[in-house]
Amino acid sequence: MRPTFYLHWTATPYDWIRPGHYHSIISGDGRVHRLHDYNVDLPAHTYGRNRNSVALSCACMGGVPDPWTQPPTDAQINSLCAEAAAVARSWAGERIRSRWSG
């Protein structure tokens, strides 16, 4: 069965990198921190939907009192999209590559 991708934000500062919640966390500079293998079911990133899923998250939206003082950076959005695409390609194999490469 194909996994479901969940794209999150952590509601933390840009440098918050902690294992246990997400498979990968993207820091404010766009660096992807792979914390868990994508085949591992994590217990708590999305209530009731953690089985057979991939959790990618941007460390952002942690501004107090206004979360929007620390919005996702352009670098985070670019890295989040690139990482999701790379994981999807790796699991789909040549089928997805040949379909989209012309």
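These questions and answers concern a predicted model of one protein.

Q: What is the mean pLDDT of the protein, and where is the pLDDT below 50?
A: The mean pLDDT is 87, and 89% of the residues reach 70 or more. Residues 94-102 have a pLDDT below 50, and this stretch makes three contacts in the model beyond near neighbours in sequence.

Q: Why is strand E4 called largely enclosed by the rest of the structure?
A: Strand E4 covers residues 53-58, and six of its six residues are buried, so the rest of the structure largely encloses it. Ser53, Ala55 and Ser57 point one way from E4, while Val54, Leu56 and Cys58 point the other way, and all are buried.

Q: What makes E1 and E4 a pair of strands?
A: Pairing requires at least two bridges. Strand E1 (residues 4-9) has six bridges to E4, in the parallel sense. Within this pairing, Leu7 stands opposite Leu56 in E4.

Q: How many bridges join strand E2 to E4?
A: Three bridges join E2 (residues 24-26) to E4, and the two run parallel. Ile25 stands opposite Ser57 in E4.

Q: Why is the contact between Arg34 and Glu83 called a salt bridge?
A: The cut-off is 4 Å between a side-chain nitrogen of Lys or Arg and a carboxyl oxygen of Asp or Glu. The closest N and O atoms of Arg34 and Glu83 are 2.8 Å apart, and the pair forms a salt bridge. Arg34 lies in strand E3 (residues 32-34) and Glu83 in helix H1 (residues 74-92), so the pair links parts of the chain 49 residues apart. A search of the whole structure finds one salt bridge.

Q: Is Arg34 buried or exposed, and is Glu83 buried or exposed?
A: Exposed means over 50% relative accessible area and buried means under 20%. Arg34 has 58% relative accessibility and therefore counts as exposed. Glu83 has 6% and is therefore buried.

Q: How do you know that the span of H1 agrees with its number of residues?
A: At 1.5 Å a residue, the 19 residues of H1 should span 27 Å, and its end C-alpha atoms are 27 Å apart, so the two values agree.

Q: Which residues make up the largest nonpolar core?
A: It has 10 residues: Ile26, Tyr38, Val54, Leu56, Cys58, Cys60, Met61, Leu80, Ala84 and Val87. E4 and H1 each supply at least two residues of this core. Leaving aside neighbours within four places in sequence, Leu80 is in contact with Leu7, Ile26, Leu56, Ser57 and Cys58. A second, separate core of five residues includes Tyr22, Ile25, Ala55 and Ala59.

Note on methods:
Residues are numbered from 1 along each chain as its sequence is written. This is a predicted model: local features need pLDDT of at least 70, side-chain atom pairs count only at pLDDT 80 or more; totals for chains, interfaces and linings use all residues. Side-chain values use heavy atoms; hydrogens and water are left out. pLDDT is the predictor's confidence in each residue, from 0 to 100. Contact means heavy atoms within 4.5 Å. Buried means under 20% relative accessible area, exposed over 50%, partly exposed in between (1.4 Å probe, protein chains only). Helices (H or I, at least four residues) and strands (E, at least two) are DSSP runs, numbered from the N terminus. The expected span of a helix is 1.5 Å times one less than its number of residues. A nonpolar core is a set of buried Ala, Val, Leu, Ile, Met, Phe, Trp, Tyr and Cys residues joined through side-chain atoms within 4.5 Å.
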